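Have a look at the structure first, then read on.

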Amino acid sequence: MSKKIGLKLALLLSLAAGAKAYGVTDIPLANTDIGNQAYVSYFTEANVAKYLQSNIVITRVNSVYNLTLTPDRETTITRGNIAVFNHTLTNTGNIVDSYDLRHGYEADRGVKFYLDLNSNGIIDTGETELVAVNGKYAINNLAPGNRTSILVVVPTKVTDDVAGISNYIYAKSKGNTSLAEVQVSERIYFQTGGNAIVYKAFNKSSGTSENDNEITVSLKIANDDPLPANIATLFKLTDKLNDDFHYVLGSAKWKNYDGYETVLTDADDNESDSENSEAIKFKYTAGTNTIDFELPNGIPGNKQLNTPNGYLEFKVVVPANTAVKLIPNKAEYKFTPTGGSEISRSSNTVNYEVLKFVRATFEGHHIPTGQAGETLRFVNKFTNTANASERYNITLSDEFFPTGTTFRLAMEAKEGGTLVERPMLDTSGDGNIDTGLVLPGTANSVNVILYATLPTNMSAPGSNYKIVKNATSVYTPTYVVKANDTVGTVSVTTVDLTNNDSLSENSTAPGIGLGPERNPVTQINVNPGATGTFVLHVNNTSSYVQDQYNLEVSTKADFSDMTLPAGVVVRFKQGGGAEVTRTGIILPNGSQRIDAEVTVASTAGAAVVPLYFRVTSLTTGARDIKYDSLSINAIRSVQIIPNLTGETYAGGNIVYTHQVRNNGNVLEGDGISSSVILSTTESIAQWRTELFLDVNKNGIYEVGTDIPFVDFATVGGLKAGEQVTIFSKVYAPIGAVAGTTNVTTITPNVTQGTYSTVPTVTSATDSTKVLAERLAIAKQQRLKTTDAWTYNLLNANPGDKIYYKIQVRNYGTDDAKTVQLKDTVPFYTTILYGGASGVEAPRYEVLTSAGVLVTSGNIVNPPLSGERGELSVTLDTLAPGNYVNMYFAVKINNGSSAPVGP
């Protein structure tokens with residue numbers, strides 16, 4: 001019969017919008033881990049920026065079953081026809097679930113259920129009937145966040161009450177049978193004397209806006225009164241299109257009830273169909289984006305919805321890059337039934353869902369040249385060109401950089417209109433560093449910063465170095481955009497050894513350039529038993545590497561023999577007179593004066609001795625050799641080397657290693673011929689130093705093995721040319737002022753003894769700086785305000801609250817400056833405070849080590865409640881022992897207000 005279920009049935013008041021539930025895609029699935037890291041930035045006493053990251057606290061989401069069945073429906077038909085209602089069943093839990101559906105109609109009504117596979121509100125080929133088992137219709141294995149469209153077919157009788165009939169449809173979870181059954185209502189009204197029905201449908205219910213997307217809109221216009229004489233007269237329809245629907249000009253056509261199609265013009269004029277000259281009025285008004293359509297002669301009766309005729313169709317375009325949203329659309333219409341007065345109604349509402357897509361640009365950065373030790377800064381502009389916010393994990397690959405290059409990633413984004421750089425963190429808790437949530441559009445671009453510190457010891461660098469940054473969408477892990485960071489050429493570190501002047505003093509200083517020279521640069525004359533000096537300047541000609549150099553001398557240009565002639569001793573000395581075997585740290589483009597002191601034995605014969613001086617970097621291998629000579633016209637000395645520097649905290653200690661050397665040609669310190677007693681002095685009161693002998697001569701200080709030592713008579717003295725290793729253990733007192741430096745001077749006190757000459761004695765210094773700030777950051781959580789704070793994993797449900805506490809404590813002895821504590825609202829949550837939530841606004845407090853409150857307040861400019869974003873607390877200083885706590889709370893998304901997209 002014409003009214004059987006196979007007909008393209010009666011009025012639906014809305015059309016389901018796709019298979020995925022809009023607004024619940026952000027609900028965390030069962031066993032999802034929620035968590036991220038806080039971080040703190042601050043400046044040291046030396047005005048050096050530092051960063052620390054907290055631990056990650058994890059909240060694991062429990063399995064939660066939930067569902068919705070929407071909406072309530074009503075329709076108007078002629079008695080004896082079939083009413084079709086569509087409803088949407090949504091899994092609003094976070095785990096796969098199955099459901100039982102049932103209805104409350106009487107058993108002989110013949111109600112049937114169908115799965116509306118394409119969500120178009122009619123029963124199409126391939127959409128089979130659900131079979132009831134014990135009066136229940138099963139919907140199986142619906143994934144979390146997904147939904148399905150259900151069609152309920154309700155036959156009516158010509159004997160049904162003219163007032164209409166109504167009942168309910170019910171749904172119940174199988175995964176959690178303790179959940180209450182949900183229900184929707186259905187109401188059927190009856191119309192007599194002609195009943196106009198307008199059914200609206202799209203040829204597609206969803207799509208991305210990666211490109212312009214064209215949709216065909218169909219308006220089925222029918223009259224289900226079985227009597228042809230019962231005309232729905234004076235039919236007028238108005239369709240006010242959503243602003244996101246762009247009407248395709250000239251696309252409208254009318255297929256009349258005899259099956260003839262007429263292409264309609266958009267002008268405001270009278271038209272007629274192509275076959276029967278039936279009056280038609282159609283116009284499109286661009287200013288209001290409105291379709292108007294009239295059938296002045298009305299719709300004859302017995303024009304059922306199942307007939308293939310009586311369609312108004314036109315096309316609209318959803319423009320590329322339209323944001324993720326539902327675009328609703330329905331038509332309003334009027335008609336007058338036979339013997340009645342004008343009736344106004346609405347068609348069903350059809351929702352078109354604009355789905356999220358991912359697309360981004362990632363710009364590479366080329367740096368023409370680099371030097372060994374230089375920290376290169378690559379700035380890669382990342383722009384989300386899609387239609388929704390998205391975060392991207394950042395990884396590095398295809399690395400072709402000099403071995404030993406170290407990399408560090410950072411982010412530069414706008415905060416309050418200002419570009420601010422911060423370390424790149426894991427903001428989603430998945431263990432990968434990422435961009436954070438990047439809004440679409442060029443104005444919201446962020447910079448991914450790569451710091452590449454080139455190694456200092458490159459011997460043969462090449463060119464065309466490259467590393468690839470990969471930005472991988474969290475929403476669509478198969479989507480990756482890449483940025484290439486490249487360097488043209490890299491140069492090595494260099495050093496230049498000159499005489500008398502540094503290159504900064506004299507650009508043509510003697511010995512400039514790579515040696516050795518063919519002829520001596522400088523020659524000095526020294527009498528036997530006397531000492532002469534070559535004034536050397538070690539010039540660090542590298543622009544980025546601070547370096548330190550070994551000092552060597554030989555009589556051969558190739559340094560194949562490092563033994564000097566008997567009676568000739570060369571000692572390198574710094575400006576203070578202390579003997580050294582290496583320079584101090586020399587800054588880029590800086591220099592250091594080293595005196596090469598040449599001592600000639602009194603028994604030495606006359607000779608010209610070639611002296612090749614060589615400086616070699618301890619780390620980079622940079623080297624230079626300079627050729628000088630010593631002319632001997634025709635000895636007692638004890639030295640301690642080298643001068644050392646180090647750092648420790650107040651109340652701590654540090655061990656330095658020194659060598660005490662007899663540079664003379666006689667025995668020293670045996671207690672008979674002479675004595676050598678070591679003594680120490682401190683530049684700051686309350687510091688102290690203990691000296692120890694390297695008993696097993698392994699160069700490593702060992703407690704219990706190496707013994708206290710000051711008198712060389714206990715080891716039989718120092719033979720000519722002999723050296724002994726000693727350790728100095730320097731103790732910083734509790735309360736030592738951070739940033740101050742104590743200088744410990746170690747002196748070998750050598751007596752005259754049985755010798756006729758006065759000994760030469762040099763001292764060594766240990767410079768120890770007190771470290772200042774020492775911050776620590778920790779993050780804790782809890783699910784209730786009455787719970788204890790914990791670092792441990794917690795379990796919670798969607799909709800639960802998580803309370804966070806982040807603490808930064810200054811364990812140092814000096815103020816930490818410009819302390820900025822930051823955290824972000826974790827993925828799958830939104831911040832919660834104020835209103836009816838009962839949760840305090842995000843706040844902070846600063847306390848002393850004794851827990852006494854110093855100051856407190858609310859966090860400035862936190863994200864609005866219900867949103868995501870960053871929270872920040874900035875302190876000018878954090879005093880020693882003090883700590884700052886930051887508190888905020890979040891709500892795990894449960895679909896009630898969660899934004900779409902990750």
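By class, the largest pocket is lined by 13 nonpolar, 13 polar and seven charged residues. Here Ala, Val, Leu, Ile, Met, Phe, Trp, Tyr, Cys and Pro are nonpolar, Asp, Glu, Lys and Arg are charged, and the others, Gly among them, are polar. Of the 33 lining residues, Ala413, Lys414, Glu415, Gly869 and Glu870 sit nearest the pocket's centre. Two or more residues each come from strand S34 (406-415), S61 and strand S65 (870-878), and S65 gives the largest share, with five. (Strands are DSSP E runs of at least two residues, numbered from the N terminus.)

This is a predicted model, where local features need pLDDT of at least 70 and side-chain atom pairs pLDDT 80 or more, while totals for chains, interfaces and linings use all residues. Numbering starts from 1 along each chain as its sequence is written, and side-chain values use heavy atoms, without hydrogens or water.

Now for the second largest cavity. Its lining includes Gln37, Tyr39, Arg422 and Glu870, and three lining residues, the largest share, come from strand S61 (residues 816-824).

| Space | Volume | Lining by class |
|---|---|---|
| Largest pocket | About 1000 Å³ | 13 nonpolar, 13 polar, seven charged |
| Second largest cavity | About 60 Å³ | two nonpolar, three polar, five charged |

On a 1 Å grid over the protein atoms alone, a 1.4 Å probe fits in a cavity but cannot get out, while a pocket is an open set with protein on both sides within 12 Å along at least five of seven lines; lining residues have an atom within 4 Å of a point. Points join across faces, edges and corners, and volume is the space filled by probe spheres set on them.

Key:
Helix = DSSP H or I, 4+ residues; strand = E, 2+ residues; numbered from the N terminus.
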